[in-house]
Amino acid sequence: MAVLVVATGNPGKVAEMQEYLHDTAWNLQLKPPELEIEETGTTFLENAELKASQVAKALGQWAIADDSGLAVDALGGAPGLYSARYGKTNQDRIDRLLKDLGENPNRRAKFICAVAIARPDGTIAAKAEGECPGEILREMQGDGGFGYDPIFYVPEYQQTFAEMSGELKNRISHRGKAFEKILPQVTALGNEQV
Ligand code: IMP
């Protein structure tokens, strides 16, 4: 099996990606912890490409990376690229977002995910973006998921991300959509390696 290094320090992310890519010839591996990566891009796609490219080049191996976040319309797309750094804990981030939005009637928001795969020389072989539109509730609902899930409501399913089954969230989420789009290319690239 061909090795595909995941440009993350988070083993949970590798497990999640393995699920999306389970029918491919790739064997996913966590990046070595001593290899630091920078997120200096100005878009989710730029960050995914930067991370995949840096790791691939440093190791001389194929690498994959994703980058995601929540963009709230009435906040001009914030927290956006700063979604992970909007507060110290999940609760801090949710509290800050609800405070920033206040009683604003425009609750429209979307989760965005970009994913990119880089060749061992650091060039990008494939990339894709996925989005999931929804609304920001005034209070938390549900206790599954992570991050902003309890305040992100998807009208089509009348549930927050935190109330959904993992199977449903994976299918309709920004990450699910991005991986669905990139899957044919990642599969073909994997088949070329074996
Ligand atoms: P990253 O892609 O791991 O850098 O994630 C960025 C941040 O966006 C996370 O720390 C979360 O705060 C937020 N985020 C991304 N995807 C989700 C999701 O599916 N649910 C809730 N929060 C998310």
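Lys-88 counts as exposed because its relative accessibility is 79%, where exposed means over 50% relative accessible area, buried under 20% and partly exposed in between (1.4 Å probe, protein chains only). The model is predicted, so that local features need pLDDT of at least 70 and side-chain atom pairs count only at pLDDT 80 or more, while totals for chains, interfaces and linings use all residues. Residues are numbered from 1 along each chain as its sequence is written, and side-chain values use heavy atoms, with hydrogens and water left out.

Lys-88 lies in the loop between strand 3 (62–72) and helix 3 (90–101); helices (H or I, at least four residues) and strands (E, at least two) are DSSP runs, numbered from the N terminus.

His-174, by contrast, is buried, with a relative accessible area of 2%. This residue belongs to helix 5 (residues 174–193). Residues touched by His-174, leaving aside those up to four places away in sequence, include Ser-68, Phe-111, Cys-132 and Phe-161, contact being heavy atoms within 4.5 Å.

Seven strands make up an open sheet of mixed pairing, in the order 2-1-3-4-5-6-7; two strands pair if DSSP finds at least two bridges between them. Strand 2 (26–30) and strand 7 (159–160) are the edge strands, each pairing on one side only. Strand 5 (residues 124–136) pairs with strand 6 (residues 152–154) in the antiparallel sense, over two bridges. The bridge partner of Ile-136 in strand 6 is Phe-152.
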